[in-house]
Amino acid sequence: MSLRQRPVSAGPAAPKNAAVLAKEHVSPETSPKSANSFWILLGALGLSALLVFFSKPFFGGSINYATPYALCSSEAKVYTVDAQNSQTQCIVVAEGHIASTGSLEEIQLHWKSQVPHSELQVRYIPPGSIIVPGLSDAHGHILEYGASRELALEGTKDIKETVARVREYILAHPEIQKNMSAYVLGGGWDHTVWPTSRWPSADDLDSDPVLQGRPIILQSKDCHALWVSSKVVVSSAPFPEVVDGGLIIRDEAGHPNGMFLDNAQDLIFQPPLTDDDLSRRFSIAVQDVVAMGLTSVHDAGLNPISLEFFAKQAEQNKLPIRIYGMTYFDENVEYWGNTTKPIIDAGNGRLNARSVKIFTDGALRTSGAALYEPYADDHTTNGAMRISADVLHHWLPLFLRDGWQVNIHAIGDRANGIILDVFEACLEGVNISASRPRLEHAQIITQADRVRLGKLGVIASVQPTHAISDMWYAEDRLGPERIKNLYAFRSIIDSGARIALGSDFPVESPNPLFGFYAAITRLSADGKSPHGSEGWFPEQRLTRQEALRGMTIDPAYASFTESTLGSLEAGKRADFVILSQDIMTVAANRVLSTKVVATVIDGTPVYGRF
Ligand SMILES: [Zn+2]
């Protein structure tokens with residue numbers, strides 16, 4: 001998605017704020033605890049005397065998660081995601097880290113050798129269930145997701161139903177209903193599934209008696225369009241005739257009619273967010289994502305306000321999940337890469353923010369993706385670049401020099417090609433594993449550019465659920481040849497490039513099982529695709545192992561945390577998920593019926609229990 005840095009912030013520009021935050025939050029990068037250090041620590045604390053033997057059924061009794069414990073699968077269904085993708089029976093958790101892994105016998109022997117005269121409490125997961133490392137979403141938007149859940153417009157069948165949903169929301173919220181100047185903010189509408197080819201307009205909102213006269217701002221599902229009421233048009237005016245990298249839809253008389261695309265969205269005045277707004281949105285989002293098995297989210301666009309909010313939460317040790325932040329780039333503010341320090345492992349490893357996110361083009365749905373050739377169903381356009389190659393050539397080397405990861409949003413084949421040109425020039429002589437540049441989305445990418453991607457070592461941050469959402473209309477947009485370059489995940493891996501999987505929530509659900517299912521089947525939830533039951537371009541399916549790695553160790557690498565996160569190995573943080581059934585072997589059409597039994601961060605459940 002291309003959630004944009006909007007004028008909502010109405011606060012200071014990124015550099016100043018971020019610099020202040022950095023000063024307060026930077027801590028030296030902690031190296032992973034070695035397995036040995038646990039045992040030394042345990043001995044020193046004299047914990048051995050406190051340990052008692054437990055071997056209870058899964059849900060029997062309560063567990064003190066602060067005390068070392070072993071969690072075992074009698075069927076050896078612990079997927080470690082180590083370099084060999086090995087499975088094992090048990091993990092031992094101590095001090096929030098994985099102390100050891102192995103068979104029950106191995107871990108007990110090991111335990112006794114390290115902490116004599118003590119018994120290790122051992123728990124079993126239910127038969128049929130599995131343990132996997134904590135799941136990551138490599139590209140999501142946390143606060144925007146929370147906002148989208150407040151007035152969610154997903155799944156509406158047409159304009160009328162969307163308006164009706166807004167009406168119901170107003171009627172259900174007396175504080176909004178009685179205050180005509182209260183902003184009504186919603187999102188998730190998707191005109192591509194409506195039976196009309198026209199854009200919705202301010203008139204559609206204003207003609208409803210309940211909505212009439214209110215400031216209403218509704219974000220599209222792909223976040224590349226804002227649909228606003230006439231009250232908002234008036235309060236945001238005047239508008240320029242032409243918007244670089246954006247479009248104002250106008251009526252026959254030439255007046256803006258309430259639809260603002262891509263960069264034109266920035267022209268819309270939005271009310272500043274209060275602390276209450278942020279907290280409410282954050283808690284809605286966190287509650288949902290931990291219930292889905294996510295332990296870590298890469299937030300693909302922090303503005304100064306959200307960065308400050310997360311940093312404050314981290315400082316107070318109140319971040320219930322791990323967040324990897326990408327800070328929005330704004331070419332109109334002074335360069336901040338050398339005055340702002342990246343945030344590394346703030347809040348006990350819960351917050352890292354050491355990357356910059358740069359937009360280059362728009363989305364496929366809204367014809368914003370920059371293509372080499374015009375859209376197959378609209379020969380008048382081939383999309384637009386929102387930033388020039390010159391600007392990128394200027395800024396990228398600076399950010400790379402100052403130690404920032406550069407994460408570039410690129411959807412169309414032209415956008416991806418231009419970025420790879422820039423990367424080729426800027427990465428010469430740069431240590432790639434120190435810089436780990438990323439292409440966010442990398443949706444339509446030519447064969448030649450995939451080869452360059454692999455050669456350069458650029459990470460492709462891709463979203464499998466987009467593939468199964470877009471497969472129904474994408475060929476109309478791209479034609480029969482170019483479509484082969486869209487969501488070509490297998491080809492990207494085969495080129496030697498690394499991938500990291502995400503959902504781009506709220507564009508799609510944050511549920512990582514949806515992403516896993518989409519990646520391995522390329523089928524809709526009900527088992528369909530335009531190419532039949534084997535999946536849409538089935539040759540581009542990922543294996544289950546690749547998909548699991550793409551949600552664990554690969555995002556860890558993509559966020560510089562692979563030495564502490566992403567796999568279940570001694571010395572790493574004890575982030576893991578217990579799933580009700582074995583997604584690595586169950587029939588593909590049953591993957592989506594998997595339940596999250598528990599989501600565990602630093603050894604303690606943040607959802608469920610065991
Ligand atoms: Zn996004």
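Author: Ile-98 counts as buried because it has 26 C-beta neighbours inside 10 Å, where buried requires 20 or more other C-beta atoms within 10 Å, exposed 12 or fewer and partly exposed a number in between, with C-beta atoms placed from the backbone. The model is predicted, with local features needing pLDDT of at least 70 and side-chain atom pairs pLDDT 80 or more, while totals for chains, interfaces and linings use all residues. Numbering runs from 1 along each chain as its sequence is written.

Ile-98 lies in strand E6, residues 97–102 (helices, H or I, are DSSP runs of at least four residues and strands, E, of at least two, numbered from the N terminus). Apart from neighbours within four places in sequence, its contacts are Ile-91, Val-93, Leu-568, Glu-569, Ala-570, Gly-571, Lys-572 and Ala-574, a contact being two C-beta atoms, placed from the backbone, within 7 Å. Ser-567 is 469 residues away from Ile-98 along the chain, yet their C-alpha atoms are separated by 9.8 Å.

As for the helix, H5 has Ile-159, Thr-162, Val-163, Arg-165, Val-166 and Ile-170 as its buried residues. They cover an arc of only 155° around the axis, taken from the directions from the helix axis to the C-beta atoms, and therefore lie on the same side of H5. This buried set is covered by elements including helix H6 (174–177), strand E10 (184–189), helix H7 (202–206) and strand E11 (216–220), whereas the face turned away from the buried side carries the exposed residues Lys-160, Glu-168, Leu-171 and Ala-172.
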